[in-house]
Amino acid sequence: MSPEADLHVHTIYSDSTFSPHEVISTASKVSLACIAITDHDAVGGVEEAIDYGKKVGIEVIPGVELTAEYNDTEIHILGYFIDYKSSWFLEKLQHLRETRRKRFLQMVEKLKKFNISLDAEKIIRGNLSASIGRLHLAQELYRKGYVSSIKEAFRVYIGEGRPCYVKKERLSPQEAITMIRKLGGISVVAHPYLMGDDNVIPVLVKEGIEGIEVYHSEHPLSAQIRYMSMAQNYNLLITGGSDCHGLGKGKVLLGKVRISYNLVEKLKEYKNARDKT
């Protein structure tokens, strides 16, 4: 069997229930050769994953997932092979995490109008290493019995357009792409099907996006075919991943979406050629 990769994986440093060690252990169990750690606005889990990955023979690509916005459309942009120790970048991530915390507190306050009382500071203290976000809030709503599922929490209360949703500070696509490039990384638009607007993709191409996540756990086959065609039309790199959040979404997705390691090699070849120019 040829080696395979999952290039969209989260840890407890953003909104997963898995530590970096657990991510690597699970990746080993499902026979993955390579993964990318792509936490939201955080890189705290990268080094631990790399170190443990070396011990068990799993390659770990350092990455991040940044949130941008274009004409009210939320866009997630993945950065691969980034310099995750860069001081200016760590300062920027700290600022983004602080805005996440303020947003989290605002949503908890809004929930009170629906007779939902949560101890926000306790939740934050319980996730000190995490980049706090809506998934943490959805999990707490589910644990407390206010909703019957995590999906219901988003659908009824905290999803975009719902009564307790709070818009957060976001980067522009150009800012996110430029940051990733400055870190020596490759920028890739994440799960484009979930954006709900393919017209954004040509805009991202003009801004310098270098790849597209064709394969994702929430991409139907029709979407995969469409984004493969777009990748060819715009000469974009092709990636894919499960978007695993441990048990954060109810089931472990790691390894459910696999791509050939040949696509990882193409990412490396592209980066090497670009860095020489």
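Residues are numbered from 1 along each chain as its sequence is written, and side-chain values use heavy atoms, with hydrogens and water left out. Because the model is predicted, local features need pLDDT of at least 70 and side-chain atom pairs count only at pLDDT 80 or more, while totals for chains, interfaces and linings use all residues.

Student: In what order do the eight strands of the open sheet stand?
Tutor: Strands (E, at least two residues) and helices (H or I, at least four) are DSSP runs, numbered from the N terminus, and two strands pair if DSSP finds at least two bridges between them. The pairing in this open sheet is mixed, and the order is 7-6-5-4-3-2-1-8.

Student: Why is one side of strand 7 and of strand 8 left without a neighbour in the sheet?
Tutor: Strand 7 covers 237-241 and strand 8 covers 259-260.

Student: Which residues lie nearest the centre of the largest pocket?
Tutor: On a 1 Å grid over the protein atoms alone, a pocket is an open set of points with protein on both sides within 12 Å along at least five of seven lines, a cavity is a set where a 1.4 Å probe fits but cannot get out, and lining residues have an atom within 4 Å of a point. Grid points are joined across faces, edges and corners, and a volume is the space filled by probe spheres set on the points; for the largest pocket this volume is about 1,200 Å³. Of the 33 residues in its lining, those nearest the centre are R134, F154, L194, E218 and K249.

Student: Which helix gives the most to the lining of the second largest pocket?
Tutor: The second largest pocket holds about 230 Å³ of space, and 14 residues line it, among them R97 and N127. With four residues, the element that gives the most to this lining is helix 3.

Student: How many residues does helix 3 give to the lining of the largest cavity?
Tutor: The count comes to one cavity of 30 Å³ or more, and about 50 Å³ of space lies in the largest cavity. Its lining includes D41, T67 and K168. Helix 3 gives the most to this lining, and its number of residues is three.
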